[in-house]
Amino acid sequence: MVISGKELSMEMKRQMAVRVKELEQKYGRVPHLVVVLVGEDPGSVSYVAGKAKAADEIGIRNTTIRRPETITEAEMLALIEELNADKEVDGILVQLPLPKHIDSDKVIAAIDRGKDVDGFHPLNVASLWLRQECLLPCTPKGIIRLLKSTGTEIAGKRAVVIGRSNIVGLPVAKLLLDENATVTIAHSRTKNLPEVTREADILVVAIGRPKFVTADMVKPGAVVIDVGVNRDPETGKLCGDVDFAACEPVAGMITKVPGGVGPMTITILLENTIEAFERRMRG
Ligand SMILES: Nc1nc2c(c(=O)[nH]1)N[C@@H](CN(C=O)c1ccc(C(=O)N[C@@H](CCC(=O)O)C(=O)O)cc1)CN2
């Protein structure tokens, strides 16, 4: 069975649109998301446009601030300060990656943690690991939501996450652990990787290599979640980290690229923006 992030996203957006109207009635304004986009990278431009479109769909006010590739770190930090101080801004997202001359960690740490709708601020990361209430990173939160939407029992299952990035691998491993899965984090240096992945009832792949996971790496009946967004070197078409055609017959459930985890990343961003707004309104 193919797990559709696109369909779940559509359903979530329908519900959030109703919520946004209720919030407007209650507080006299809607949540406001600001996305900062530096440079012209076509992927980033397209993801940011997707975020604006999704926010529009559900009635969230959104502003995209574009800055040239040449912006300095000091100018970025000054912009973040301005947005932190703006009472009418509820969510701030800096699209990554930033140009090499800017320290992304410094910029992210400068964001007001209550407005950090990406869940990347060091204090939000710490809260995730300490199981304290916080804004959770969008892709990992979206993966857990996708798994739950299929009725997959996570507790007691063996989960293997391939990839150890701060944005996806590590936080999704922690969220799976919080759901009482037995979690292994594998990576490019893991020995006998197919042996490890074949143990997985739930396999999350976020390694950034096109069609890296082949059928022999998948346990029959496993749930396979593909986080990759790559270009197939042979066809030039969009593809994931999982060889979908080969793995789909082996897996019990599997996500596709496009239409799987990607749309959930954007939909959870909207959810986090609403959450940040509500927390700010409650004071
Ligand atoms: N500040 C952030 N920067 C980046 C993040 C992030 O979560 N926060 N994640 C990625 C990019 N990203 C969101 O920003 C993102 C990636 C992919 C998709 C998506 O919907 N993918 C589609 C296919 C898109 C296509 O056709 O190219 C899919 O999988 O169906 C959404 C968001 C890095 N930067």
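The domain bounds used in these legends come from an automatic or database domain assignment. The model shown is predicted.

**View A. Domain 1 and domain 2 of the predicted model.** The chain is divided into domain 1, residues 28-114, and domain 2, residues 138-262. Taken over C-alpha atoms, the centres of domain 1 and domain 2 are separated by 28 Å. Both domains give residues to the shell around the ligand, so the ligand lies between them.

**View B. The shell around the ligand.** The ligand is surrounded by 20 residues, and the closest are Y47, L96, P258, G262 and T265. At least two residues of this shell are supplied by each of α2 (42-58), β4 (91-94), α6 (138-149) and α10. Helix α10 provides the largest share, four residues. By class, the shell holds eleven nonpolar residues, eight polar residues and one charged residue.

**View C. The cis peptide bond between L96 and P97.** L96 is one of the residues closest to the ligand. A cis peptide bond joins L96 to P97, with omega at about 5°. P97 is found in the loop that runs between β4 and α4, the latter comprising residues 104-110. Strand β4 is also among the elements that each supply at least two residues of the ligand shell.

**View D. The cis peptide bond between V257 and P258.** The bond from V257 to P258 is cis, and its omega is near 0°. P258 has its place in the loop between β11 (253-255) and α10. Like L96, P258 is listed with the residues closest to the ligand.

**View E. Packing of helix α1 against helix α10.** The axes of α1 (residues 5-27) and α10 (residues 261-282) come within 9 Å of each other and cross at roughly 20°. Angles under 35 degrees count as roughly parallel, and α1 and α10 are therefore roughly parallel to each other. Their crossing is left-handed. On the α1 side the contact is made by G5, K6, L8, S9, M12, K13, M16, R19, V20, L23 and Y27. On the α10 side the contributors are V261, G262, P263, M264, T267, L270, E271, I274, F277 and M281. The residues of this contact divide into 13 nonpolar, four polar and four charged.

**View F. Packing of helix α2 against helix α10.** The axes of α2 and α10 come within 10 Å and cross at roughly 55°. That angle makes α2 oblique to α10. The crossing of this pair is right-handed. Helix α2 takes part through G50, K51, A54, A55 and I58, and α10 through I266, T267, L269 and L270. Six nonpolar residues, two polar residues and one charged residue make up the contact of α2 with α10. T267 and L270 of α10 also take part in the contact with α1. Both α2 and α10 contribute at least two residues to the shell around the ligand.

**View G. Packing of helix α6 against helix α7.** The axes of α6 and α7 (residues 169-178) come within 8 Å and cross at roughly 40°. Helix α6 passes α7 in a right-handed crossing. P140, I143 and I144 of α6 meet P171, V172 and L175 of α7. This contact has six nonpolar residues, with no polar and no charged ones. Helix α6 is also among the elements that each supply at least two residues of the ligand shell.

**View H. The backbone at R131.** Phi of R131 is near 60°, a positive value in a residue other than glycine. R131 is found in the loop between α5 (122-129) and α6.

Note on methods:
Residues are numbered from 1 along each chain as its sequence is written. This is a predicted model: local features need pLDDT of at least 70, side-chain atom pairs count only at pLDDT 80 or more; totals for chains, interfaces and linings use all residues. Axes are lines fitted to C-alpha atoms, for helices over the stretch in contact, and angles run from 0 to 180 degrees between N-to-C directions. Angles under 35 degrees count as roughly parallel, over 145 as roughly antiparallel, 65 to 115 as roughly perpendicular and the rest as oblique. A crossing is left-handed if the near helix is turned anticlockwise from the far one by less than a right angle, and right-handed if clockwise. Two residues are in contact if their C-beta atoms, placed from the backbone, lie within 7 Å. Ala, Val, Leu, Ile, Met, Phe, Trp, Tyr, Cys and Pro count as nonpolar, Asp, Glu, Lys and Arg as charged, and the others, Gly among them, as polar. A residue is near a molecule or strand if its C-beta atom, placed from the backbone, lies within 6 Å of it.
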